[in-house]
Amino acid sequence: MAAALLPETASRLLTPETLRTAAKQSQGIHLVPISLRRAIKRYLRDQDKTHMHRKVLLLSSSFERAKGTGAELAAASTRSALLDDPHAPASAEQRTARWKVQSSYGDIGLRYREDETVAYVASRMPAIYAACHRVLREVRRRSPGFAPKNVLDFGAGPSSALWAMRAVWPKSIERVNLIEPSKEMQRAGQTLLDNLKGLPLIHSYDSIQELNRSIEKHERRHDLVISSYALGEIPSLNDRITIVRQLWDLTKDVLVLLEPGTPQGSKIISQMRSYILWMEKRKCRKSEKSTGAAPSKMKSMVLQEDLLKDGAFVVAPCPHDGRCPLENSDKYCHFVQRLERTSSQRIYKRSKGVPLRGFEDEKFCYVALRRGKRPEEAWPLDGMKFDTLKERHAKRSPEDLIIDYDDQFPSGEDEEAPDSDEDSLVPYASDTQELSLFHESGEEEEEPIRADLGGGWGRIIYSPIRRGRQVQMDVCRATKRDASEGAFERVVVTQSKNPALHLQARKSLWGDLWPF
């Protein structure tokens, strides 16, 4: 009965004014919380900072070399041919290389040494935190009833995703399991979390196999599983699929995969998305066949309950569960989050000795998958009528055209002098973060209206093009009501035909939603 009322409720709540609020998913410049900035400063204060600029550059060059590891693996006869020898002569090239961590399931990541860990915390951790916060914030907005208690972070590194999860869900998280093969990264994460209050129960493991051996079978499933910037360090596609399948088996509700915003990172996300959706569709087909051949009513009821639990759908960014329309094209799906650089980033990240700007743009690719069936929601523009610009002008009353000059230009008697100098100070966004240190309520304002998980919301890919009184947007959208198929389309909105949507299009940014 409640499910039947959902479409009517959605269409009744959404108006041309609230569409803009529901579609807004992008953030402006992100401010790294002051608690994380101070934790990074404390950590770097106790580390050896000699040749830090060189360490940061070597770390960046090792990331560039890691992009071609998959091609090297395909050319190598055996996987051991790619492993670095720890007893080899310590040349400049070998010092910057990192040894892969082997397991029974293949290469599961890269091991970080102490100098690489320090360079990673100083240069990369704030940007990865900002990307994780952007993705998890959208998962919370699109699924307001979702509040994870048990969380698994695969490839945790210095716990960048854990800081983002605490910011998005400050009260619900009770237990966190971290999987990180590098001991130096584990120690860095523990140091950064020191002196923080209200932390959940945290356990660190070297691999998924150690996690499964350490906890009971009924405790292995987690409400939220996240893998951030880790799958790209696994060179083999077979090993990558094996890891993702294990992560999906450990997922009770939502799985989030996050990779750098490069063509390789987008390809990895697309492959893992397609694999999970294909695997769950196959399970659903098998369950339907078993339900049809069930001999008794009792067995049929049990199988139908299992069928409801089977399946998966994409929470974000894709508005559909079909094949990615950007496959086999010269474009790739990625997004951008701008963040204010911390003091450590401004000091150690320099280009040819020239100080960098006060902000940086972190490009990332991601997918958030949820177990179950995609809810059937009414599309946002169903039953909604928009006036053209000519019709809107025809409805204006003569009183609206009268300008009251007395209200436009107040007299000098109405102006009041400021009481003190403090009232004339310009407020900055960082002021609220400073005050939150002393007045932490742990509660965030609820969104007045949200975009549902139906197929009626498309995703804006790349920046909209504004030309005169028209706006052009590249939108990934669902072509069927059940969101089983999708397409990549160019949407053009003009002011003369639809002033309301034209205003929304002018204010839309890369990564926002678009209603259909």
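The legends below describe a predicted model of one protein, first as a whole and then in several close-up views.

Residues are numbered from 1 along each chain as its sequence is written. Because this is a predicted model, local features need a pLDDT of at least 70 and side-chain atom pairs count only at pLDDT 80 or more, while totals for chains, interfaces and linings use all residues, and side-chain values use heavy atoms, with hydrogens and water left out.

**Figure 1**
Helices (H or I, at least four residues) and strands (E, at least two) are DSSP runs, numbered from the N terminus. Of the 516 residues in the protein, 47% are buried, a word that means under 20% relative accessible area, with exposed meaning over 50% and partly exposed in between (1.4 Å probe, protein chains only). Among contacts between residues at least 6 apart in sequence, 79% join residues at least 24 apart, where contact means heavy atoms within 4.5 Å.

**Figure 2. The stretches of the model where pLDDT is below 50, residues 73-108 and residues 298-308.**
The pLDDT is the predictor's confidence in each residue, from 0 to 100. The protein averages a pLDDT of 77, and 71% of the residues score at least 70. Over residues 73-108 the pLDDT is below 50, and this stretch has 74 contacts in the model beyond near neighbours in sequence. Residues 298-308 also stay under 50, and for them the model has twelve contacts beyond four places in sequence.

**Figure 3. The packing of helix 2 (residues 16-23) with helix 19 (residues 499-507).**
These two helices pack at an angle of about 20°, with their axes 10 Å apart; axes are lines fitted to C-alpha atoms, for helices over the stretch in contact, and angles run from 0 to 180 degrees between N-to-C directions. Helix 2 and helix 19 are therefore roughly parallel to each other, since angles under 35 degrees count as roughly parallel, over 145 as roughly antiparallel, 65 to 115 as roughly perpendicular and the rest as oblique. On the helix 2 side, Pro16, Leu19, Arg20 and Ala23 meet Ala500, Leu501, Leu503, Gln504 and Lys507 of helix 19. The residues of this contact divide into six nonpolar, one polar and two charged, where Ala, Val, Leu, Ile, Met, Phe, Trp, Tyr, Cys and Pro count as nonpolar, Asp, Glu, Lys and Arg as charged, and the others, Gly among them, as polar.

**Figure 4. The crossing of helix 3 (residues 34-45) and helix 10 (residues 183-192).**
The axes of helix 3 and helix 10 come within 9 Å and cross at roughly 125°, and the two helices are therefore oblique to each other. Their contact is made by Ala39, Ile40 and Tyr43 of helix 3 together with Ala188, Thr191 and Leu192 of helix 10. By class, this contact has five nonpolar residues, one polar residue and no charged residues.

**Figure 5. Ser143 in the loop between helix 8 (125-142) and strand 3 (150-154).**
With a relative accessible area of 5%, Ser143 is buried. Not counting residues up to four places away in sequence, Ser143 touches Val315, Arg370 and Leu453. Ser143 and Leu453 lie 310 residues apart along the chain, yet their C-alpha atoms are separated by 7.9 Å.

**Figure 6. Pro148, placed in the loop between helix 8 and strand 3.**
Pro148 counts as buried, at 1% relative accessibility. Leaving aside residues up to four places away in sequence, Pro148 touches Trp169, Ser172, Ile173, Asp223 and Leu224.
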